[in-house]
Structures are given as C-alpha cells and as structure tokens.
Amino acid sequence: MGDGGHTDVIVIGAGFSGLYALHRLRSRGFSVQVLEQADGVGGTWYWNRYPGARCDSESYYYCYSFDPELEQEWRWSERYPGQEEIRGYLEHVADRYDLRRDIAFGVRVERAERDGEGWTVTAADGSSRRCRWLVTAVGCLSTANVPDIPGLEDFAGEWHHTGHWPHDGVDVRGRRVGVVGTGSTGIQAIPVLAAAAGHLTVFQRTANYSIPARNAPLSEEEMAATKADYPAIRRVQQGSTNGHPFVLSDVDVLDLPADRRRALYEQAWERGGLRFRAAVKDVLTDPEVNADTSEFIRAKIRETVHDPATAELLTPRDHPFATKRPPIDTHYFETYNRPNVSLVDVKADPIAAVTASGLRLESGAEHPLDVLVFATGFDALTGPLLSFDIVGRDGVSLRETWHDGPHTHLGLGVAGFPDLFTITGPGSPSVLTNMPTAIEQHVDWIADLLERLRTTGEVAEPTPEAEAAWAAEVARAADATLLPQAASSWYLGANVPGKARVFLPYAGGYARYRATCDDEAAAGYPGFGLGAIRTNLANRHAV
Ligand code: N01
C-alpha cells in the first residue's frame, strides 16, 4: 500500500489521551495524524462493553477540564458514568472539536521505527506514514490477559474476555455462565450476569475487598452545583494525591474511641466509592491503620453474605486493603445470596483445563458451562507499548530494552528512543490517578516541549542517568507505601506469567509528580538531553 503521508506528529490511539493530544497539538499549530485500530473513538471504553462496565471515578471529574464550555454543556446522568455514556461523551468531544478529520480508523500499527530525523509508522495493512514526533496514546489497560489454559480451543460453548466483549452483546439468559476473575471487572460484571443467567459460577483465585459504589442518578440540582463549582473542583484535583477532587482525611482513626472510629468507617461506607479510601488517613502507609480498615470490610462481607463458608471464601486475607486496585461495586457480595450463583475456590483447586463442556479443576471436578467469561485483566502499562514493534536509535527495539522491566524518564520518554513520548507510560502516576487528569497534564507538558523542539530543532531523548534516577524515585515512592505487599498485583506485573516484577506506576502522588515535571521543564529539560547550553541556543534562534 502507498505512502500515507507526513505529519509533524503521529499519535497512536484515539481514547481519552489520543483525542486530547490531537486537539491540543493541532491548536498549537502542529499537523497531527491519529492512528486508531478500532472503527470509533473511545479506547478502553470502546472495547470494554461487558455487562456492568462503568467507571469508578465519578462522572463530574472523570472528564476533560481543558475547556470550561465543554464542562458546562455536557450533562452526566449518573454518579458513575457507564461505558456507553463515556463513549458518547468522547464521540461528542470528537465532533465538537472536529477531530475525526485527522483520525484514521481501522489502522492497526505494527511497527514504529526511528528513521533519520523522524519516525516511520507501518500498519497491518502495509501502509506507512512518517512524522517527526511520535506520541503513544495506547492506554494502560488495553492488552487483554487471557490465561493460557489447555483445551480452550476445544470449548463447545462461547468464551469472551471482558476487554473484547462482542458489540452486539452476549445472550446469557437461562444459560450456564462461568466467570474467571474477581478484580474490578469481574466484580462489576458478576451481579449483572447473575441477574440474567440460568446459573452463574464464579471461579475465584483471590478474594477481593470491594466498597459499595452507591451509584445513583444525578439530579439537575447536583449537576448545577457541580458546574458552578468547577474552578474550585479542578484546583483541588491539581493539588491532590490521586487527581481526585477529595481532600484526604486528617483524622487519625486509631486515636479515636471505638464508637467514633466505627462511625467514621460507617459513614465512609455509606458514602461509598473511592471516597472510602480517602476517608482513612494513612491507610496506604500505616500497617496498623490498614489492618483496622481491612477488618472493618471483612466484617461487612460476613454481615452481607448469608452462607458462612461462602463469606469466608470471599474474605480477603492475603493482602492489605487497597494494595490491589480497590474495586467498587453494586450488590457484589449480595449476589452470592442468590440461589443461581455458586463460588469455586480455584486457589485451593486450580483450573486444570477447559474441556468441550466446561472447566475441569485439578481435583477432577467438572463444571459444565455454556458461556465462559475471562475477567482476567490486562498486561498493564507495558503490554500496550510492547504489543507492536517500536524500534529506536541504532535499531534497538523497546522489547529488548525493557526485557528486565520498563525504564523511562518520568514515564514520558525512553533512552534510545528520540522524540518518542508516551502518554501515561510506566513510571508515571497513570493508573493511580484519575486518568483524564493525568492525561491532560502529560499532553500539555508534551505540547510545551514540542513547541520548544520546533523552534530549536533539538531532539529530545532521555539520558540514561535521568532514567536511573527516576527508576530509583519510582521504587522509593512505592516502598514508602504498602502497595508492594500485594504480591499478585498487576501494579507489579505479577498477573502475567514471565513478566518482570517491577512496580509500574509512580506512587509518589499526582501533585508531587506534576511539580517534578514542571521543574524538569523549567530547568530546560536536562533529563531529556536538553540543557542550559541548548536553551541559550534556543533563545538565539528565537531572537
Ligand atoms: O483485572 P485484574 P480487571 N486463573 O487484574 C484473576 C481497571 N478497571 O480487569 O488476583 C484464575 O484486577 C485474578 O486473580 P488474582 C482497574 O484499574 C476499572 O478486573 O491474580 N484467576 C483477578 O481476580 C482495575 O484494577 C474499572 O489471583 C485468574 C482477576 O482475574 C483494572 O482495570 C472496571 C487467572 C483479574 O483482575 C483491571 O481490572 C474494570 C487465572 N489464570 C477495570 N488470571 C472501573 O473503573 C487472572 N485471574 C470500575
């Protein structure tokens, strides 16, 4: 296929980050081509159409902040936005800012290669395009992790990974459905599937803490109050640890008398969602506080689930609360009181094989199924970047460079890969924050740097020293928390067999990270191989 042309920038992906990168860079006068493998915008929200798919950030802040007019005109319908509503929002954004004319849909990138002064990007259809700067907007949780279970190809029923749910849905009415996985996805899908299925069997390897979401429609008054308050909401987000507009509690729970401590937990439980975590000061840094909070949640599980043996199986004991991403739910634990739901412990009796008729466990127990659902998560953060060939300076591939785990400077760039920028890459706060907040900060920062490079003709490439220093900071930040204690967490890459165990996101907090990026820019981007001498040169050019 012929040459697909040359633009200043190629952006890979048209989810939250790709759309904003296109808008921001185009408004700064760059020519931009976005390449998207799907036939529509949305990224993770395009693919994750499983029953119950919904965001765990609240709608009024799980959205862009760059345009106050957009904030005022969009009307969210519920406290947490569902998948369809988020996709509708992103379609509205694509139309409102006339983004589609620079997006090529149905183009799956297979290779991006540093080539002289720029990058050549080749797609599966054989077409190739060139650019000076390459920006990846491929998401953090977009490469499905389907377990390698023998016999899957023999299954006579239908099977699906939740991240590739069929667009016309799956009819589970009256059928025997099995769900493998009880992370955020499984915990959202299980109650919805149980309501329709003939019988639902949940295959659980690790019990999980989950907090009630308390989803509800948003009234006109609530939306109006939010819209009036947006400037203040955005200020709180920018100064926060997770990019959420909550102020973290300053109450030491362990200093409270038992009745007041209980009242604090109960109130947070009733409010629901990720605000629960924010209500407990030091829950991710103080083991005693965490143990107390974890015990409160365990008691809630025992209160909710009628059968004591099932309740015990659902009770997490092998990791502290919130050291794995804490799911939020709508009637998750209640679902196990339904007569058509059963729970199977596949830690005690692991899955041995998929057979023509269902799942077989190592003990020989057979579970007949018509539909098998893998809610088994993603090859997080690095998976999307390694799912195609990125070949940098001197012909070295990113796969080789990262064989022992990712190294980046600020999660934004990689030594050996000049003029490549990774939105919410490994080593950035990404999945530990409200994603749109993290994305806007990255894109704005990249846009500023590209403006400088356009003026000066410089090439930006992280130095190995900057990468090493940042890797040390990422490790320090994780070790200052309890997060590394969840041995099977995808934050550590532990959910994918053979993947290097490295704590992937930056746990030092969004506000601190943003300040670090601002310092890097103010100093003239020394970690990207630019510096005072080049800055002076830049000034001369500018004059
Ligand atoms: O994936 P996960 P997810 N045999 O990796 C199990 C975001 N998200 O898709 O814990 C048996 O968390 C695995 O067991 P274990 C959010 O950031 C957000 O649920 O490894 N079981 C685990 O139970 C989230 O954290 C929202 O022992 C196997 C499950 O599968 C992230 O996406 C909604 C297995 C995977 O859990 C990922 O969540 C959904 C095997 N071979 C997702 N392999 C919201 O915004 C894996 N498992 C609400």
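Let's start with Glu-113, which sits in strand β4, residues 109–115. Strands here are DSSP runs of E with at least two residues, helices are runs of H or I with at least four, and both are numbered from the N terminus. This is a predicted model, so local features need pLDDT of at least 70 and side-chain atom pairs count only at pLDDT 80 or more, while totals for chains, interfaces and linings use all residues. Residues are numbered from 1 along each chain as its sequence is written, and side-chain values use heavy atoms, with hydrogens and water left out.

If you skip the neighbours within four places in sequence, Glu-113 is in contact with Gly-118, Trp-119, Thr-120 and Val-391, where contact means heavy atoms within 4.5 Å. Asp-292, on the other hand, is 179 residues from Glu-113 in sequence and 51 Å from it in space, C-alpha to C-alpha.

Now move along to a sheet. Three strands make up an open, antiparallel sheet in the order β13-β14-β15; two strands pair if DSSP finds at least two bridges between them. The edges belong to β13 and β15, each with a single partner strand, so one side of each has no neighbour in the sheet. On average, neighbouring strands are turned by 20° against each other, direction ignored. The axes behind such angles are lines fitted to C-alpha atoms, for helices over the stretch in contact, and angles run from 0 to 180 degrees between N-to-C directions.

Take the sheet pair by pair. Strand β13 (residues 351–354) is joined to β14 (residues 358–361) by 3 bridges, and the two form a hairpin with 3 residues between them. Within this pair, Val-354 has Leu-359 of β14 as its bridge partner.

Ala-322 has one of about 70°, in the loop between α10 (308–313) and β11 (328–329). Asp-394 has one of about 60°, in the loop between β17 (389–391) and α13. What about their surroundings? Ala-322 is buried, with a relative accessible area of 3%, whereas Asp-394 is exposed at 66%.

Helix α13 (398–401) leads us to Trp-402, which lies in the loop between α13 and β18 (420–422). Trp-402 counts as buried, at 5% relative accessibility. Which residues does Trp-402 touch? Not counting residues up to four places away in sequence, they are Thr-382, Leu-385, Leu-386, His-407, Thr-408, Val-414 and Pro-426. Of these contacts, Leu-386 is 16 residues from Trp-402 in sequence and 9.0 Å from it in space, C-alpha to C-alpha.

Next comes a helix pair. The axes of α14 (residues 435–456) and α16 (residues 510–522) come within 11 Å and cross at roughly 0°. That makes α14 roughly parallel to α16; the label covers angles under 35 degrees, with over 145 counting as roughly antiparallel, 65 to 115 as roughly perpendicular and the rest as oblique. On the α14 side, the contact involves Thr-437, Ala-438, Gln-441, His-442 and Trp-445. These meet Tyr-510, Tyr-513, Arg-514, Cys-517, Asp-518, Glu-520 and Ala-521 in α16. The contact residues divide into 6 nonpolar, 3 polar and 3 charged, with Ala, Val, Leu, Ile, Met, Phe, Trp, Tyr, Cys and Pro taken as nonpolar, Asp, Glu, Lys and Arg as charged, and the others, Gly among them, as polar.

Finally, the cysteines. A disulfide is a covalent bond between the sulfur atoms of two cysteines. How many disulfides does the structure hold? The count is 0, with a disulfide taken as a pair of cysteine sulfur atoms within 2.5 Å. For Cys-55, the closest cysteine sulfur is in Cys-63, 10 Å away, which is too far for a bond. Cys-140 is in no disulfide either, and its nearest cysteine sulfur, that of Cys-55, is 13 Å away. Cys-55 is buried at 7% relative accessibility, and Cys-140 is buried with a relative accessible area of 5%.

Notes
Buried means under 20% relative accessible area, exposed over 50%, partly exposed in between (1.4 Å probe, protein chains only).
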